[in-house]
Amino acid sequence: MLKVKEKILEDTKKRIKNTKKKIGDARKKINSLEYDAHWYRRVFHAFGTSFLVYYLLPNEEWINILKFWIPPIILIIVIILEISRLKGFVSSDHFFGLRMYEKNRIGSYVFFALAILMLLRFFPQPIAVPCILCACLGDPLIGEIRYRFSIRYVYVMGFLICMLFFLISWYKADPFLMILVSIVGAFGALIGEVKKFWWIDDDFMIQILPAVLLAFIWLAILHLGFSYPSEIIFPALWPW
Amino acid sequence: MNEVDMEYMKSQSNTKRVIRTEILFTPFLVVLPVFIGFLFIYNWYNRGYVEGNPEYFGTLVLGIIIIIGNVLFDIPFIRSLKKLIKNQNWK
């Protein structure tokens, strides 16, 4: 009787040990996947800088037609894809880097694409370029700072990073206007990134909030006695 | 990671599928922005540097920002992807 009890106890211990090992392996696997998804999201953000090529493309009729149609077509494809995912026609498993809370709501990449399209189409280049840079490079950099350091650094460093993008994009403007725009733009981008809304993604807000604030300044530039800054990106010429 | 997350990630087929999607996009995500960054620099060189036009200085700075910004995230991403494939024994 005692031997049977001992055997049962030994078996139970073995099972517990095996289960613990399995849990450990699973946790390791999940953590490595989470870590990888984290970098994937960062790279996906940085990839958005590619859209600045929109301003670099040569100014020719057929290219202008492509420039007019391709961005909205991309957005329509993204929206169709997202609707298919939400309706269950396409599995969420194919959407790597998707956050857990995005599983049953519109993914942030839709907001990201929508904001970029709005900037390219409706805002002047000196406003669109720094706002796109804030979302594509500023957002992941702020995310990394938040991940590694305390929240206090997020505000200071995030503000400085976004301000740098506005300074670079407005370097041809009057110095006072350049500083005003950089402060207002960086403030808008930081609020857009830090303040979370359940109904709209920060990838949208970080681009559109500073753009709207700067649009007011843009409308008042002549009344303030300044002239409009020239563009920073000029259409390229064909090498041949 | 909570229970819902665990449930979502627990199946091996799911893991393989998401990694496959990731690998499929990696060359595109990594190469295209760097290529476009060099296009900016090329444009500055052709129309700014060669023609001596300082108006193109911004294009050069943007090109450098695009390249550095992307490479900064590409390196740890590729490193983590390699590590993940090794850990998952994924083929």
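Is A:Tyr54 buried or exposed? A:Tyr54 counts as buried, because its relative accessibility is 16%, under the 20% cut-off. Here are some notes on this predicted model, point by point.

1. **Confidence.** The overall scores are ipTM 0.81 and pTM 0.82. Chain B has an average pLDDT of 80, with 70% of its residues at 70 or above. Within chain B, helix α3 (residues 57–88) has the highest mean, 88, while helix α1 (residues 3–9) has the lowest, 51. A friendly caution: where pLDDT is low, the predicted coordinates should not be read in detail.

2. **Chain B as a whole.** Chain B has three helices and zero strands, in the order α-α-α from the N terminus. Of its 91 residues, 45% count as buried. Its accessible surface is about 5400 Å², and carbon and sulfur atoms account for 65% of that. Taking contacts in chain B between residues at least 6 apart in sequence, 64% join residues at least 24 apart.

3. **Aromatic pairs.** Over all chains, the structure holds 17 aromatic pairs. One of them joins A:Tyr54 and A:Tyr55 edge-to-face, with 5.4 Å centre to centre and 90° between the planes. A:Tyr55 counts as buried, because its relative accessibility is 11%. Another pair is formed by A:Tyr171 and B:Phe57, which is edge-to-face because the planes meet at 75°, with the centres 6.2 Å apart. This pair crosses between chains, from the loop between α6 and α7 of chain A to helix α3 of chain B. Both partners are partly exposed: A:Tyr171 has a relative accessible area of 30%, and B:Phe57 has 44%.

4. **An aromatic cluster.** A:Tyr40, A:Phe44, A:Phe47 and A:Phe51 form one aromatic cluster together with B:Phe28 and B:Phe77.

5. An α-helix has 3.6 residues a turn, so residues three or four places apart point the same way.

6. **A buried aspartate.** A:Asp203 lies in helix α8 (residues 202–220) of chain A and counts as buried because its relative accessibility is 6%. Beyond its neighbours up to four places away in sequence, A:Asp203 touches A:His45, A:Ser108, A:Phe112, A:Ala115 and A:Asp139.

Note on methods: Residues numbered from 1 in each chain as written. Chains lettered and ligands numbered in written order. Predicted model: local features only at pLDDT ≥ 70, side-chain atom pairs only at ≥ 80, totals over all residues. Heavy atoms only, no water. pLDDT = per-residue confidence, 0-100. Helix = DSSP H or I, 4+ residues; strand = E, 2+ residues; numbered from the N terminus. Buried < 20%, exposed > 50% of the residue type's maximum accessible area, 1.4 Å probe, protein only. Contact = heavy atoms within 4.5 Å. Areas by Shrake-Rupley, 256 points an atom, 1.4 Å probe, with all protein chains shown as cover. Phe/Tyr/Trp six-rings, centres within 6.5 Å; stacked < 30°, edge-to-face > 60°.
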